[in-house]
Amino acid sequence: MLYRVTHVTTYAYEDSVSISHNETRVAPRRTPGQIPRRTQLLVEPMPVVLAQDVDYFGNIMHFFSLEESHDRLSVTAVSEVDVTGVEPPAAQLTPAWESVPDAVRRDRSYYGLEAFGFTFDSPFVRPEAELEAYARQSFEPGRPVLDAAFELTRRIFQDFKYESGVTTIATPLGEVMRARRGVCQDFAHLEIAMLRSLGLPARYVSGYVRTHPPAGRARLVGADASHAWLSLYVPGFGYVDLDPTNGTIPREEHVTVAWGRDFGDVSPVKGVILGGGEHSLTVSVDVAAA
Amino acid sequence: MTSAIPAGSPTDRANDPFSYPATATGRDEAFDTNGVAHEHTAPLLRSLAALGVDEMQRRWDQARRLIRDNGVTYNVYGDPRGMDRPWELDPVPMVLPSAEWAAIARGLAQRAELLNRILLDLYGPQNLLARGLLPPELVLGSPGYLRPLRGVQVPSNTMLHLYGADLARAPDGGFRVLGDRTQAPSGGGYALENRIVLSRTMPRVFRDCRVQRLASHYRSLRDTLRGLAPRARESPRIVLLTPGPHNETYFEHAYLARYLGFALVEGADLTVRDRRVYVKTLGGLERVDVILRRLDDAFCDPLSLRSDSSLGVAGLVHAVRAGHVAVANALGSGVVETPAILGFLPGLCRELLGEDLRLPSVHTWWCGEPSALSHVLDQLPKLVLKPTFWSPSAPEPVFAGRLSSAELDALRVRIRAKPEAYVAQEQVALSTAPAWTRGRLEPRHVAIRAYVASTSHGFQVMPGGLTRVAATEESLVVSMQRGAGSKDLWVLAENEEVNPVTLLRTPAQRVEILRSGGDLPSRVADNLFWLGRYMERAEGTVRLMRSLIARLTDDSVPGEVPELPTLLRALEVNGDFDPGTLITPTGTRAGGVDLSRALFADHPPHALRATVTAGHRAASVVRDRLSSDTWHVVSRIHRLLDDASRRPAFHLSDAFDLLGELLLLFSALSGLSRENMTHGPGWRFSDMGRRVERLHHTVRLLRGILVPADEDDVPALEALLEIADSIITYRTRYLGAIEVAPVLDLLLTDESNPRSVAYQLLALDEHIAELPRARRSATRPEEARIVLRALARVQLADVHALSAVGTGATRETLDAQLAELEHVGPALAESLTRSYLTHAEPTQSLDGLT
């Protein structure tokens with residue numbers, strides 16, 4: 001499936017901003033399930049520097065700076081991505097979950113070390129006792145890791161309510177757990193924390209998901225948001241994506257942009273500005289079949 | 001009058017304040033168990049004994065005074081009195097023979113090389129992890145491993161430019177490394193200051209002992225940093241990045257910056273443009289080539305590293321990645337500070353350097369390894385437990401031997417639950433060294449911090465270091481944060497000559513002549529401006545109060561001092577204090593307590609002590625820009641008021657003496673400013689601060705005293721002249737009684753009187769014309785126009801007309817003129833701040849989430 005994704009981030013500042021330095025991760029990366037065809041990045045006003053780089057996790061990152069006074073910034077990324085998706089392995093064939101932490105720790109290959117790096121606490125994913133207890137209900141002794149993870153993903157989807165505006169990225173996971181409400185970043189962080197509390201390697205994935213319009217109505221342009229889910233590393237099988245917000249296994253309808261330990265590593269557009277006062281932010285994402 | 005007992009007998013030694021016997025179990029750096037000095041310490045101890053107890057005590061007092069006067073301080077976190085605590089230095093240095101030091105130095109150089117190689121691998125191919133030489137947990141799970149820095153090309157393959165190692169002597173006599181400091185090792189500046197103080201306090205002893213000098217080490221460091229500059233330049237710009245005055249070791253940041261000749265900057269002084277780093281100066285942006293950082297790396301860039309840091313420079317990581325700036329130590333170098341790595345160093349050393357590790361570490365077990373874990377659980381009471389990764393919230397080290405059996409069990413449970421979070425170390429019985437306590441030498445536990453710098457020909461060890469001394473005889477903990485003291489470390493020279501090296505240039509090197517001074521950071525100019533303002537404001541208050549108190553200490557009763565109400569009015573107008581606290585409503589003489597409150601209260605904000613405290617703070621921030629004499633005087637003023645404020649009662653005559661002493665110090669300060677500071681932009685800002693304040697003060701004084709016309713003006717006029725220090729001038733010019741018009745001329749329009757309004761305006765006009773922006777611009781900047789308008793007003797003033805008394809016994813014309821002039825000071829300060837000093841725009845981190 002060939003998608004054309006338009007992702008527009010716009011900041012409007014109350015006071016003018018004299019300097020702004022930014023990092024963006026908006027260009028979809030290559031994965032076993034997708035081939036990015038092209039990404040066009042447009043920054044307005046025109047930046048003094050715009051440099052492409054590859055970050056620690058292999059994501060495509062752009063650094064740009066604005067050094068003239070401005071009161072508005074927009075970042076538009078238009079990408080074409082060919083998504084084929086990867087069929088997840090048969091859950092029953094995956095190893096018993098208890099064997100995974102040790103297998104990953106012992107594996108000193110490139111992929112083993114990479115996965116091992118996703119077992120530790122990270123700035124947005126801190127351990128909480130309640131999370132482990134919640135996860136253990138699915139991780140029964142001897143259960144194949146993916147089988148348990150699928151169930152955990154479905155449980156989060158059922159037990160938690162999607163509601164924007166009740167959490168921010170700084171909301172501790174314990175609070176999300178108690179309130180049982182949040183948005184896709186929260187749910188991704190939550191399930192990652194649960195998996196890591198069991199010693200399992202899980203990474204945060206940022207990207208887009210295609211949404212289906214109600215029957216008989218046209219798809220709303222720009223209504224789609226940027227999305228987040230996670231990926232569990234299964235020794236011998238590789239990474240398997242899990243989407244607790246939708247209770248699904250991402251295949252052809254998810255476009256992967258970047259991954260890291262948590263949101264902090266892959267924030268689509270982040271910046272440090274001088275001045276600016278209050279600001280308003282609008283983000284629009286349009287995922288269309290190309 | 002020597003003792004009759006033969007020298008060296010046991011009885012003699014027992015009473016000898018310059019000796020003690022070492023205990024049978026521990027090692028002492030100076031004495032054996034009979035109290036006989038080791039060969040290498042004997043000359044030192046002989047010299048000290050020759051000084052005698054009284055002289056020793058006198059020198060020690062002198063050293064402490066020197067430390068206080070030099071402003072050598074150390075901030076202790078969480079202690080309300082902790083800011084600017086005087087540095088504790090013991091007068092007896094620790095001495096090491098040259099051969100022993102040479103072996104230690106070889107070990108340290110090897111260790112620096114090893115740690116550097118480890119860092120290069122971890123931020124490069126990570127072969128050490130793939131090959132199982134280092135547990136990946138210690139890297140991938142470390143908050144000190146900064147992923148954005150992986151793959152950065154560092155200049156000359158060096159990430160570790162300045163390395164510090166904590167060393168102690170174990171009971172077997174050998175030295176062990178207790179810990180490695182690879183991030184931004186502190187203490188080197190204190191070591192240097194200790195050396196300077198000690199060599200000044202005991203010059204003969206120092207010379208006779210033939211001690212290796214430290215300066216060449218700092219010269220190597222400076223050369224190394226110069227060599228890191230990405231651009232080929234004769235004088236690359238190097239800055240020392242500090243977290244600011246609240247940091248525990250801020251003193252040494254300022255000290256080292258001045259010693260090495262680098263600008264001391266905070267994160268807000270730097271800005272990234274086009275992936276290059278610049279320092280914001282009065283003259284504009286100046287490119288920075290090398291940053292010597294004392295800021296922890298995670299805080300160095302709120303964009304790519306910790307977004308909650310307000311101390312860093314946004315975009316720095318990208319500037320580093322692009323190779324446009326070098327940072328020492330390289331960002332990310334803190335990752336190898338974990339004590340968990342110590343147990344792996346012998347294997348890593350053989351693997352990476354093909355050599356055995358020369359200098360052993362204290363026995364260390366990382367509980368993340370199953371075999372280590374079982375050993376640790378088994379031997380727990382003998383061990384010290386530390387967190388694998390240090391963080392402000394990490395638990396303190398636990399001496400398991402001091403725990404009850406229940407506490408030990410609880411600790412075992414915690415370790416088993418998360419073994420990888422714990423490191424256990426054997427408890428080393430530190431050696432002792434003599435410290436001067438209560439008039440004699442007493443043994444104290446000691447540890448050394450040694451310093452290593454990378455140079456073009458390998459790592460070079462400073463011949464000396466900072467010896468830290470436990471606070472009490474029993475204490476085993478040597479941490480400056482926990483009240484430990486310090487000693488100088490003397491490494492003796494053997495066969496070679498001691499070459500005095502200074503950081504002054506040798507004649508062969510030609511210096512590029514620089515005079516601009518436009519590279520003054522705006523923040524520094526801002527603080528100098530305020531230093532000038534506060535000190536002038538304080539001086540004005542002191543003059544006013546002294547005149548007042550002089551009249552009160554006369555035998556006259558207040559009712560007989562006609563100018564008293566006028567003076568009090570002036571003080572009130574000035575906002576110095578509420579006169580009600582000084583004079584009771586019945587007009588009786590002020591009591592001592594009330595007076596001290598008025599003089600030394602912290603409130604209102606314009607009160608003398610509050611002003612001086614603010615000035616002292618401004619000075620402390622720019623300490624590296626002030627001559628040590630200037631800092632010394634500012635500190636004295638601050639301390640005088642501080643001490644006085646603690647006195648329970650204050651009598652008028654004491655207050656008068658104190659104010660007199662303060663005035664002398666203020667005069668010294670203005671003299672130093674005029675004669676000892678280069679008249680560059682920094683001086684101009686401090687002098688402008690002074691002028692703006694004096695202008696304002698004088699205008700308000702004139703307005704407060706002269707606008708209300710009393711029947712008999714003379715006492716008030718006399719007081720006014722006295723406060724404005726112009727009474728002599730007046731007397732030499734005018735023979736008759738004091739009159740309003742000539743006084744006005746002298747204090748308002750006379751351009752030759754350094755206390756007049758006109759004089760301040762002329763000085764300000766000259767300063768402003770010399771500032772970088774004014775020199776570049778064809779039109780007059782706003783601040784110049786403000787001054788010119790005011791100057792015209794003053795120059796055109798007719799003092800006779802202004803002296804005229806209108807209806808209601810007030811001088812209305814004068815009031816109107818002075819009211820206009822009263823706006824000038826604040827307006828000018830604001831305009832200067834806007835043009836030159838503002839960079840206080842807040843930065844914000846935006847995460848792109850709605």
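Guide: First, burial: a residue is buried if 20 or more other C-beta atoms lie within 10 Å of its own, exposed if 12 or fewer, and partly exposed in between, with C-beta atoms placed from the backbone. As for the source, this is a predicted model, where local features need pLDDT of at least 70 and side-chain atom pairs count only at pLDDT 80 or more, while totals for chains, interfaces and linings use all residues. Residues are numbered from 1 along each chain as its sequence is written, and chains are lettered from A and ligands numbered from 1 in the order in which they are written.

Visitor: Then why does Ser18(A) count as partly exposed?

Guide: Ser18(A) has 17 C-beta neighbours inside 10 Å, so it lands in the in-between class. Ser18(A) belongs to strand β1 of chain A; helices (H or I, at least four residues) and strands (E, at least two) are DSSP runs, numbered from the N terminus. Gly276(A) is 258 residues away from Ser18(A) in sequence, yet their C-alpha atoms are 8.0 Å apart.

Visitor: What makes a residue of chain A count as in contact with chain B?

Guide: Two residues are in contact if their C-beta atoms, again backbone-placed, lie within 7 Å. By that test, 32 residues of chain A touch 31 residues of chain B. Elements giving two or more residues to chain A's side include β1, β3, β4 and α2 of chain A. The top contributor on that side is β12(A), with seven residues. By class, the side of chain A splits into 17 nonpolar, nine polar and six charged residues; Ala, Val, Leu, Ile, Met, Phe, Trp, Tyr, Cys and Pro count as nonpolar, Asp, Glu, Lys and Arg as charged, and the others, Gly among them, as polar.

Visitor: How do you know that β12(A) and β22(B) pair?

Guide: Strands pair if DSSP finds at least two bridges between them. β12(A) and β22(B) have four, in the antiparallel sense, so the label holds.

Visitor: What makes α3(A) roughly perpendicular to α6(A)?

Guide: Axes are lines fitted to C-alpha atoms, for helices over the stretch in contact, and angles run from 0 to 180 degrees between N-to-C directions. Under 35 degrees is roughly parallel, over 145 roughly antiparallel, 65 to 115 roughly perpendicular, and the rest oblique. α3(A) and α6(A) pack at about 80 degrees, with axes 8 Å apart, so roughly perpendicular is the word for this pair. Leu131(A) and Tyr134(A) are among the α3(A) residues that meet α6(A), where Leu190(A) and Met194(A) are among the partners.

Visitor: Back in chain A, why are β10 and β11 said to stand at the edges?

Guide: The open sheet runs in the order β10-β9-β8-β11 of chain A, with antiparallel pairing. β10 and β11 each have a single partner strand, so one side of each is left without a neighbour in the sheet. From one strand to the next, the twist averages 35 degrees. Inside the sheet, seven bridges join β8(A) to β9(A), and Tyr208(A) stands opposite Ser226(A). Across β8, β9 and β10 of chain A lies α6(A), running at about 15 degrees to β9(A).

Visitor: Why is α20(B) described as largely enclosed?

Guide: 25 of its 26 residues are buried, so the rest of the structure largely encloses α20(B). α20(B) reaches 36 Å from end to end, C-alpha to C-alpha, close to the expected 38 Å; the expected span is 1.5 Å times one less than the number of residues.

Visitor: How do you know that the span of α24(B) agrees with expectation?

Guide: The 14 residues of α24(B) should span 20 Å, and the end C-alpha atoms are 21 Å apart, which agrees. Its buried residues include Tyr759(B), Leu761(B) and His767(B).

Visitor: Last one: what makes β17(B) mostly covered?

Guide: Five of the six residues of β17(B) are buried. Six bridges join β17(B) to the antiparallel β18(B), and the two form a hairpin with two residues between them, where Arg438(B) in the turn has a positive phi of about 50 degrees.
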